[in-house]
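Here is a short report on one protein model. Look over the sequence and the structure before reading on.

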Amino acid sequence: MMHYTYLLINFFTVIICFLASFDRRIQFNKLFGKFLLSSTIVAIPFILWDIWFTAKGVWWFDLHYTLGIKIAELPIEEWLFFYCIPFACVFTYYCLEKFFKMEWVGVFNNLIVFTAVIVLSVAGLLYYEKIYTLLTVVVTILTLCYLHFIAKKDWIAKASFVYLILMPGFFAVNGILTGSLIPSPVVNYNPDEFLGVRMGTIPIEDAVYGYSQFLLNIYFFKKITKNEK
């Protein structure tokens with residue numbers, strides 16, 4: 001049963017959202033193809049990042065928790081992670097945007113972007129020698145700057161609010177992957193390459209990494225579905 005741990009994490013992350021997708025009030029199932037396209041666009045650079053960091057020993061996987069099938073040295077479950085987690089996140093955002101008016105959050109766009117960019121810039125300058133910290137900071141700053149200043153999207157605050165709503169799920173999934181509730185972590189981190197600040201067992205960089213990935217998934221999903229006002 002231990003070998004199914006990571007696979008089951010992916011399964012339970014996505015199954016409720018997947019079944020709810022067929023609800024006649026939601027009909028997210030009609031967008032499966034477009035979601036797969038948008039999530040693949042985002043997954044490609046993140047998977048390359050994953051392969052690189054695994055090769056450099058920035059992080060590694062305990063294969064006792066996987067089926068043992070690897071592609072480019074990543075467990076097959078890790079590849080699925082880049083579709084299962086975004087599916088649950090995009091589906092949640094889609095439903096909240098569909099059924100609730102969240103336009104009021106938009107007034108915080110500037111505040112969120114400028115505060116995040118300043119805080120992340122300081123962290124990057126202070127801890128530039130830690131590769132996970134630095135790359136996460138750079139990617140997130142570039143993502144925010146592109147969305148706000150170039151693409152001029154007015155939903156960054158809304159997406160950030162939804163990301164906060166998703167935090168319990170984030171702590172559940174990433175908590176187990178990093179060693180909560182199981183004897184040892186599924187994903188292990190080189191202590192020399194990240195800050196060492198953890199939220200429970202989760203490196204704080206994981207939350208920032210997830211935030212940039214979430215924003216990009218929303219951006220490309222909206223772009224492909226043309227689901228913007």
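Is Thr54 buried or exposed? Thr54 is buried, because its relative accessible area is 17%. Buried means under 20% relative accessible area, exposed over 50%, and partly exposed in between (1.4 Å probe, protein chains only).

## About the model

This is a predicted model: local features need pLDDT of at least 70, side-chain atom pairs count only at pLDDT 80 or more, and totals for chains, interfaces and linings use all residues. Residues are numbered from 1 along each chain as its sequence is written, and side-chain values use heavy atoms, without hydrogens or water.

## Around Thr54

Thr54 sits in helix 2 (residues 32-56). Helices are DSSP runs of H or I with at least four residues, numbered from the N terminus.

A polar atom of the Thr54 side chain lies 2.8 Å from the backbone oxygen of Asp50.

## The largest core

The largest nonpolar core has 71 residues. Such a core is a set of buried Ala, Val, Leu, Ile, Met, Phe, Trp, Tyr and Cys residues joined through side-chain atoms within 4.5 Å. Trp59 and Phe214 are among those with the most contacts inside it. Helix 3 (residues 76-99) gives the most to this core, with 13 residues.

## Cysteines

The structure holds zero disulfides (pairs of cysteine sulfur atoms within 2.5 Å). For Cys89, the nearest cysteine sulfur is that of Cys17, 8.5 Å away.

How values were computed
Helix = DSSP H or I, 4+ residues; strand = E, 2+ residues; numbered from the N terminus. Polar contact = N/O pair within 3.5 Å; in protein donor to acceptor, adjacent residues only side chain to side chain.
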